[in-house]
Amino acid sequence: MSRMTVSQSPKELKRPVPPVTAVLDLLEAQWGQESNPDVTSFDEPLDGLILIVLSQNTNDRNRDMAFDRLKAACPTWADAAALSQAELISLIRPAGLCDSKSATIIRVLGAAKDLTGQYSLGLLRKKKPAEAWNFMTSIKGVGVKTAACVMVFDLGFPAFPVDTHVARFCRRMGWAPEKASPAAIQEMMEGLVPDSRKAGAHLNIITHGRRVCKARGPLCGDCLLRGLCPASSA
């Protein structure tokens with residue numbers, strides 16, 4: 001993955017752009033997910049990759065329902081690979097966007113078998129991070145956020161996934177341009193967040209984005225960052 005260390009600031013900032021580490025320290029003090037992460041990591045990285053594919057454009061409840069239905073019907077990924085696309089769609093229906101997600105899952109399973117000779121991605125842990133990254137992002141339907149989640153949570157490689165909550169937060173902090181895409185922000189933040197903090201920082205920012213720094217009606221008056229945030233209305 002390429003790294004960038006320079007960010008542009010949004011126009012008309014009310015305050016200077018705060019240091020990344022200072023903000024991460026405050027978020028960790030409030031949410032504590034660097035020291036006690038609230039996330040599921042899988043012994044088999046293929047589980048993690050398919051879970052993240054199912055998570056696209058839906059909530060955690062629907063994602064988990066679809067994943068649990070799939071695993072209950074298919075104890076092994078070889079069983080899942082033997083399904084027709086129609087059968088797969090029926091199982092993952094709670095996650096929505098079933099046509100595209102089922103097609104991606106079929107491609108993921110095929111790519112795993114081609115790479116390792118079995119329906120497993122454990123071999124990626126023995127490869128260099130760039131090789132694992134290039135393998136996953138070469139699969140149609142596996143985007144940079146999906147690959148980054150698997151990298152950091154299931155493979156143990158440093159990566160900083162950027163979803164809509166993280167992207168919004170980074171723009172408001174002035175760490176990224178207002179119109180920067182999540183993929184571009186991910187590239188920027190890879191160079192700004194220390195490797196040892198990437199997983200927990202990602203989780204803390206998501207939690208803060210869901211509970212405080214909301215897309216509509218952010219709770220600036222209740223935010224512990226109100227004295228630092230360039231976008232704060234408090």
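**Pocket, helix and loop in a predicted model**

Modeller: In this predicted model, the lining of the largest pocket divides into 13 nonpolar, 14 polar and 10 charged residues.

Biologist: What makes Asp60 and Arg63 count among the charged residues of that lining, and where do they lie in the largest pocket?

Modeller: Asp and Arg are both counted as charged, and the lining of 37 residues has Asp60, Arg63, Asp163, Ile206 and Arg210 nearest the pocket centre, so Asp60 and Arg63 belong to the charged group by that rule. The space in this pocket comes to about 1100 Å³, and helices H2 (45-55), H3 (60-73), H8, H9 (164-173) and H11 (198-211) each supply at least two residues of its lining.

Biologist: Why is Asp38 called exposed?

Modeller: Exposed means over 50% relative accessible area, and Asp38 has 66% relative accessibility, so Asp38 counts as exposed. Asp38 lies in the loop between helix H1 (20-31) and H2, and, its neighbours within four places in sequence left aside, Asp38 is in contact with Gln33 and Leu203.

Biologist: How do you know that the buried residues of helix H7 lie on the same side of H7?

Modeller: In H7 (residues 129-137), the buried residues are Ala132, Trp133, Phe135 and Met136. These residues cover an arc of only 165° around the axis, which puts them on the same side of H7. Among the elements that cover them are helix H6 (98-116), helix H8 (144-155) and helix H10 (182-190).

Terms used: Residues numbered from 1 in each chain as written. Predicted model: local features only at pLDDT ≥ 70, side-chain atom pairs only at ≥ 80, totals over all residues. Heavy atoms only, no water. Buried < 20%, exposed > 50% of the residue type's maximum accessible area, 1.4 Å probe, protein only. Helix = DSSP H or I, 4+ residues; strand = E, 2+ residues; numbered from the N terminus. Arc of directions from axis to C-beta. Contact = heavy atoms within 4.5 Å. 1 Å grid on protein atoms, 1.4 Å probe; cavity = no way out; pocket = protein on both sides within 12 Å on 5 of 7 lines; lining within 4 Å. Points joined across faces, edges and corners; volume = space filled by probe spheres on them.
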